[in-house]
Amino acid sequence: MLGPRWRKVWRDLWTHPTRTVLVVLSIAVGVFGLGMILSMSSMLTSEMTQSYAATNPAHANVWTWGVDDEMVAACARVPGVEAAEGRIRFNLKVQVGPDQWKSLGGFCLADYDDMRLSKVWPEEGAWPPGKGEMLLERTALTWAGAEIGEMITVECPNGVVRQLRVTGTVHDVNQSTTWSDYGAGYVSRDTLAYLGMEPGYGQIMIRVAGENVTADQVATVADAVVERLDEGGFPSWGYWAPEPGGHPSDPIVEPVITMMTALGALSLGLAGFLVYNTVSAVMTQQMRQVAILKAVGARRRQVLGLYLVMVAIYGLLALLIALPLGTWAADQGVRYMAGFLNIGISGIRPPLRVYGLQALIALGTPVLAALLPVLGG
Amino acid sequence: MDFARLFNGTETASRGPDHLITLSQVAKVYASEAGEFVALRDVDLEIDTGEFVTVVGKSGSGKSTLLNMLSGIDHPTSGEVWVNGTAVHTLNENQMATWRGKSLGIVFQFFQLLPTLTVVENIMLPMDFAGYLPRRKRRERALELLALVALCDQADKLPSELSGGQQQRVAIARALANDPCILLADEPTGNLDSRTADYTFRLFERLVEDGKTILMVTHDRDLARRGTRTIRLADGAIVDGAVRASREDGNVVGLPQMEREVSYVGA
């Protein structure tokens with residue numbers, strides 16, 4: 001059973017219900033904003049990392065031309081290289097209307113049944129692609145206006161126009177038509193020949209040996225591979241190495257999350273000001289009651305406790321609103337971003353520390369904001 | 001109902017001066033832009049256990065300041081205040097609150113009940129702060145105190161639902177919550193009609209009979225005369241009644257009116 005002093009706190013809260021609701025909602029908006037961003041950031045980072053790591057991504061992609069399997073094997077023997085794999089890339093145009101064409105990146109993997117680096121996953125339909133067939137990246141199917149089983153018309157850089165049957169879709173986390181108007185299609189070597197394209201690899205994917213590989217280590221090994229290719233008569237025009245351990249889209253996602261965190265913090269700061277003003281008003285209004293409390297034997301600490309608990313209740317009520325809403329919104333946000341970034345989601349939940357942090361923010365912000373007027377009162 | 005068992009807090013401390021309350025050369029000076037205002041000047045006062053002391057004087061004579069010195073609500077500029085063996089003038093704010101909660105009951109002119117607490121909760125509040133009695137016993141004691149002031153049936157009402165006289169009786173019950181040996185009352189009947197004031201005064205008389213010591217500020221000279229002693233203040237100084245006159249010397253100040261009705265309120 002609550003002691004009378006705590007009953008006073010509870011009833012005082014509801015003496016001015018509009019004021020209480022307003023303060024609670026203000027704090028809730030701030031906690032919701034920050035909670036959503038923290039949860040989303042945490043879940044999205046985990047999902048991106050997990051999804052990308054599952055492909056066993058290459059640390060560096062060296063651009064060259066016409067490389068054969070023997071040279072790829074030589075690259076794999078370069079000191080510091082854990083694995084090397086070639087990939088054939090070419091540009092196509094796919095017809096999406098009577099006179100409408102879109103750019104499509106063509107890929108021919110070295111071995112569809114034994115991918116070791118930057119793997120792609122069969123999503124729907126046939127696997128691997130047969131002669132005269134193409135698998136489209138899952139985001140490219142609708143983008144190209146195609147359906148599995150239909151024929152599509154492609155035009156090669158050499159001017160050859162061919163019809164290929166779309167026999168399935170694949171999931172390639174490195175490709176997406178959601179953030180670029182550039183689809184991806186995957187063909188076999190037979191189809192490559194059917195299209196009249198050269199069979200040599202133009203992309204050598206390198207994985208550097210060791211744990212917690214650094215960008216400097218990647219650069220050193222990639223330079224050595226470039227040198228080895230030069231020695232073998234395959235000039236390279238550079239390489240692309242994303243930050244090791246991260247997702248290639250991190251540079252896009254991180255500033256967005258930082259900006260949203262700042263907005264969340266700003267709204268929480270505004271809520272803090274409102275709490276400060278409200279508690280100041282409450283203290284002014286209750287000055288006589290504080291004097292009575294002291295007259296009947298309340299110590300300063302007890303009086304402080306009453307009013308700090310009152311604002312903590314504001315925070316607790318705000319938390320009860322903001323926590324589930326923030327988690328739900330974060331889940332929706334992650335789903336949207338996962339679709340945008342073309343990553344798979346495994347239903348990761350925010351870690352407990354994110355919930356703890358939200359509780360700390362919800363309870364701590366009003367208590368901090370109230371400290372000055374309460375101490376002054 | 002035997003109300004005497006509600007009150008055990010009449011024991012006095014052995015430290016300090018011999019009297020329950022001793023004020024020694026107490027002065028209180030307020031500084032303002034207009035200059036210094038002397039509210040109390042070199043007040044010496046002794047009060048013993050079981051006295052019912054009334055304090056009279058014109059407005060601004062220092063009556064409330066005197067009460068504030070005793071309750072520790074205000075500190076003297078100079079001098080010493082001893083209450084039940086405690087040097088009140090040396091206590092800090094926290095010590096003061098703890099001491100006040102256990103040793104004093106204060107009754108105000110305007111009742112000063114907390115509006116969002118029920119009658120019984122208002123009475124339980126001082127026990128809550130002082131940690132007086134086990135938690136489960138507090139409501140029981142509060143109800144007994146309400147019986148003392150004949151308000152048992154109002155226990156779960158809010159103060160706003162009671163009349164002024166009823167609120168004052170609740171305030172008296174609250175003042176008695178922690179069984180203090182001393183009750184300080186600042187114009188407790190000032191906001192009551194004469195019938196209710198008399199009712200309240202008889203309650204005080206009964207408490208004195210039960211061993212409480214009461215110091216009451218009042219403007220009502222008729223009521224003041226019913227105390228065991230009357231102190232008269234003028235311009236911050238006690239002009240009469242500072243020291244208890246012995247009954248033997250036939251010079252008792254403000255002889256008590258002993259025609260107390262034994263049919264106490266609610267008894």
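## Pairing around strand 7 of chain A

In strand 7 of chain A, V170(A) is the bridge partner of E137(A), and this pair belongs to the five bridges by which strand 5 (residues 133-137) of chain A runs parallel to strand 7 of chain A. Strands here are DSSP runs of E with at least two residues, helices are runs of H or I with at least four residues, and both are numbered from the N terminus; two strands pair if DSSP finds at least two bridges between them. This is a predicted model, in which local features need pLDDT of at least 70 and side-chain atom pairs count only at pLDDT 80 or more, while totals for chains, interfaces and linings use all residues. Residues are numbered from 1 along each chain as its sequence is written, and chains are lettered from A and ligands numbered from 1 in the order in which they are written.

Strand 4 (residues 121-125) of chain A is joined to strand 7 (residues 161-171) of chain A by four bridges in an antiparallel arrangement, with E124(A) partnered by T169(A). Strand 6 (residues 151-155) of chain A is also antiparallel to strand 7 of chain A, through five bridges, and here M151(A) stands opposite R165(A). Five residues separate strand 6 and strand 7 of chain A in the hairpin that they form, and G159(A) in its turn has a positive phi of about 90°.

## Two domains in chain A

Chain A is divided into domain 1 (4-52 + 249-376) and domain 2 (60-240), with bounds that come from an automatic or database domain assignment. Their C-alpha centres lie 48 Å apart. Eight residues of domain 1 of chain A are in contact with seven residues of domain 2 of chain A, where contact requires C-beta atoms, placed from the backbone, within 7 Å. On the side of domain 1 of chain A that touches domain 2 of chain A, helix 2 (17-53) and helix 9 (300-341) of chain A each supply at least two residues, and the largest share, three residues, comes from helix 9 of chain A.

## An open sheet in chain B

In chain B, six strands form an open sheet of mixed pairing in the order 6-7-8-3-9-10. Strand 6 (104-107) and strand 10 (237-240) of chain B stand at the edges with a single partner strand each, so one side of each is left without a neighbour in the sheet. Four bridges join strand 6 of chain B in parallel to strand 7 (residues 182-186) of chain B, and L104(B) has I182(B) as its bridge partner in strand 7 of chain B.

Technical notes. Two residues are in contact if their C-beta atoms, placed from the backbone, lie within 7 Å.
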